[in-house]
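Biologist: I have a structure open on my screen and would like to learn how to read it. Could we go through some features together?

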Amino acid sequence: MPNWFWLISVAIYGGCIGSFLNVVIYRLPEGKSLVSPGSRCPSCGHELAWYDNVPVLAWLWLRGKCRSCKAPISIQYPIVEALTALMFMGLFWAYYMQPFGVSPLRPQFFHQGLSQTWPVLIVHLVLLAGLFAATVIDAKLFIIPRSIPWTLTLVAAIILPLAVWYGSTPLVIGLIPISPPKGTCGAAGGLIGVGLSLILLKLMILPLSFADYEKLYEAHAAEQGANAKSGEDSKPEDWFHYPHARREVIKEMAFLALPIAGMMIGIWLGPSGAVNWPWWLLVLGGVGFGYLVGAGLVWMTRILGSLAFGKEAMGLGDVHLLAAIGAVLGPAETVPVFFIAPFFGLAAAMLMFGLSAVLKKRFQPIPYGPYLAGAAVVVMVWRQPIMGFLRPLMENFDTLFLVYLKGLG
Ligand SMILES: [Zn+2]
C-alpha cells in the first residue's frame with residue numbers, strides 16, 4: 001500500500017477519533033459516561049442516526065442545526081473533528097514521509113516503515129488525541145481530568161512492551177522508551193514507593209495536601225459573586241490563589257520521600273552488568289522511568305515555585321500530564337518537553353498582551369497543560385535535531401544501553 005493511501009486512512013480515522021473527543025470534552029468533566037447514552041441533541045434529546053455522526057460532513061449538511069428541533073449545534077464539534085483529522089495526518093506525514101526536504105524527520109519510523117512500527121504509531125496517535133482533549137478541557141475549565149493521563153500511561157505500558165514481545169524487529173533506540181536493567185529496577189522501586197505513599201495517604205498516615213482547597217475556593221467564589229452583584233469589576237488579580245501553598249507543599253514532600261527512596265534503592269540494587277532480561281521488560285522499565293521523570297520534573301517545579309512565591313505553582317494535573325507524556329515518549333525525551341513548554345507560555349503571553357492592547361479586552365490566563373501538550377508535539381516531530389542538541393545527555397543514556405547490549409552479545 002502506498003503511503004498516500006495510509007495518509008488518507010489516518011485522516012478519516014482522525015475524524016472519527018475527533019468525534020469521540022467531542023464526547024470526551026463535553027462529558028468527562030461532568031463525570032458522565034462516555035459510551036451511553038449515544039449522541040443526542042442537547043436541547044430536544046433527539047437521538048442522532050449514524051449518518052448524523054459523520055465527522056465534519058454531518059454538521060455541514062445539517063447546516064449546523066438539529067434535524068428535529070433546529071436548535072443550533074456548536075461549531076466546536078466540526079472544528080474538533082477537523083483539527084484531529086489534520087493533526088493525525090500531520091503526524092503520519094512527519095513520521096513516514098519526507099515533509100521538509102530529503103532527510104526524514106523521524107528516521108526510525110521512516111526506515112522501518114509502517115508494517116514494523118504501526119503499534120508505536122497507534123500509541124503516539126492516542127497520545128496526540130489525549131493531549132488535544134486535555135488542552136481543550138484545561139483551557140476551558142482549568143482542570144485536566146485524571147482519566148486522560150491515566151489512559152495514556154496505561155496504553156503505553158501495555159502496547160509498547162507487547163509490540164516488542166510480539167514483533168520480530170530488533171529494537172531501535174529513539175523509537176520506544178527503553179531503560180537498562182538498573183533504570184528498570186529504579187522505575188520499579190519508584191513505582192512501589194508511589195504505591196506505598198498512596199496507601200499511607202488512604203490510611204491518613206500521610207496528610208492530604210490542599211485538603212481545604214474546595215472550601216476556600218467556594219468562599220472566594222461567593223465573595224466574587226457578591227462583588228459582581230454590587231457592581232464591582234472582577235479583575236484578573238481576583239483569580240483564586242490558595243493562601244497556604246507553602247505549608248501544603250511540605251506535605252507533598254513527605255509524599256515524595258518514599259518514591260524517591262524506592263527509586264534510589266532500585267538503581268542501587270539493580271544489576272549493572274549483562275543480564276538476560278527480555279526486551280519487553282526493559283521497555284516496560286523505560287515506560288515506568290519516563291513516567292517518573294515526567295512527574296518528578298513538574299512536581300519539583302511545583303514545590304520549588306510554591307515555596308518561593310507562596311502560591312500554588314503548577315497543578316497536580318500537570319504532574320500527571322507530563323508523567324503520561326514521559327511514559328509514551330521516554331525518559332530522555334521528557335526533559336526537552338519540560339524545557340520547551342515555557343516558550344509556548346511566553347508566546348501565548350505575548351499574543352494575549354498584544355490582543356488585549358488592540359481589542360481593549362482582558363483575557364483569562366491560560367493554564368500550563370496546553371503548553372506541555374504543545375511542547376510534546378514539538379518533541380515528537382523534531383525529536384532527531386532536539387536530541388542531537390542534547391547530545392551529552394543522550395550519549396550518557398545510549399552508552400549505558402550500548403554497554404549493556406555488548407554484555408549481552
Ligand atoms: Zn434537537
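Biologist: Let me start with Lys65. Is Lys65 buried, exposed or partly exposed?

Modeller: Keep in mind as we go that this is a predicted model. Lys65 has a relative accessible area of 39%. Buried would need under 20% and exposed over 50%, so Lys65 counts as partly exposed. Look for Lys65 in the loop between α2 and α3 (76-96).

Biologist: How far is Lys65 from Cys41 in space?

Modeller: The two C-alpha atoms are 9.6 Å apart, while in sequence the residues are separated by 24 positions. Leu48 is partly exposed, because its relative accessibility is 30%.

Biologist: Next, salt bridges. What is the idea, and how many salt bridges does a search of the whole structure find?

Modeller: Side chains of opposite charge can pair when their charged atoms come close. Here, the search of the whole structure gives seven salt bridges. One of them joins Arg40 to Glu47, with 3.3 Å between the closest N and O atoms. Arg40 is partly exposed, given its relative accessibility of 38%.

Biologist: Which residue forms a salt bridge with Glu248?

Modeller: That is Lys251, and the closest N and O atoms of the pair are 3.2 Å apart. Both residues belong to helix α8 (residues 245-269), where they are three residues apart, or about one turn of the helix. Glu248 counts as buried because its relative accessibility is 1%. Lys251, with a relative accessible area of 25%, is partly exposed.

Biologist: And which residue pairs with Arg302?

Modeller: Arg302 forms a salt bridge with Glu252, and here the closest N and O atoms are 2.6 Å apart. Arg302 lies in helix α9 (residues 279-309) and Glu252 in helix α8, so this pair ties together parts that are 50 residues apart in sequence. Arg302 and Glu252 are both buried. Salt bridges can also share partners: Arg247, Glu248 and Lys251 are joined into one network in this way.

Biologist: Now aromatic rings. How many aromatic pairs does a search of the whole structure find?

Modeller: The search finds 11 aromatic pairs. To read a pair, check the distance between ring centres and the angle between ring planes. For Phe5 and Trp6, the centres are 5.1 Å apart and the planes are at 80°, so the pair is edge-to-face. Phe5 is partly exposed, with a relative accessible area of 39%, and Trp6 is partly exposed too, at 32%. Tyr95 and Tyr96 have ring centres 6.4 Å apart and planes at 65°, so this pair is also edge-to-face. Both Tyr95 and Tyr96 are buried.

Biologist: Which residues form one aromatic cluster with Tyr95 and Tyr96?

Modeller: Phe92 and Phe109 complete that cluster. The ring of Tyr95 has another neighbour to look for: the charged end of Arg106 sits over this ring, 5.1 Å from its centre. In the same way, the charged end of Lys140 sits over the ring of Tyr26, at 5.0 Å from the ring centre.

Biologist: Finally, how do I read empty space?

Modeller: Rolling a probe the size of a water molecule over the atoms shows where empty space is left. In this model there are two cavities of 30 Å³ or more. The second largest cavity holds about 70 Å³ of space. Its lining includes Arg106, His124 and Arg383. Two or more lining residues come from each of α10 and α12 (369-381). By class, the lining has seven nonpolar, two polar and three charged residues.

Biologist: What volume does the second largest pocket have?

Modeller: Its volume is about 1,200 Å³. The pocket is lined by 43 residues, and the closest to its centre are Val194, Phe255, Tyr291, Ala295 and Trp299. Helix α9 gives the most to this lining, with 15 residues. The lining divides into 32 nonpolar, eight polar and three charged residues.

Terms used:
Residues are numbered from 1 along each chain as its sequence is written. Side-chain values use heavy atoms; hydrogens and water are left out. A salt bridge is a side-chain nitrogen of Lys or Arg within 4 Å of a carboxyl oxygen of Asp or Glu. Buried means under 20% relative accessible area, exposed over 50%, partly exposed in between (1.4 Å probe, protein chains only). Helices (H or I, at least four residues) and strands (E, at least two) are DSSP runs, numbered from the N terminus. On a 1 Å grid over the protein atoms alone, a cavity is a set of points where a 1.4 Å probe fits but cannot get out, and a pocket is an open set with protein on both sides within 12 Å along at least five of seven lines; lining residues have an atom within 4 Å of a point. Grid points are joined across faces, edges and corners, and a volume is the space filled by probe spheres set on the points. Ala, Val, Leu, Ile, Met, Phe, Trp, Tyr, Cys and Pro count as nonpolar, Asp, Glu, Lys and Arg as charged, and the others, Gly among them, as polar. Rings of Phe, Tyr and Trp (its six-membered ring) pair if their centres lie within 6.5 Å; planes under 30 degrees apart count as stacked, over 60 as edge-to-face and the rest as tilted. A charge sits over a ring if NZ of Lys or CZ of Arg is within 6 Å of the ring centre and within 35 degrees of the ring normal.
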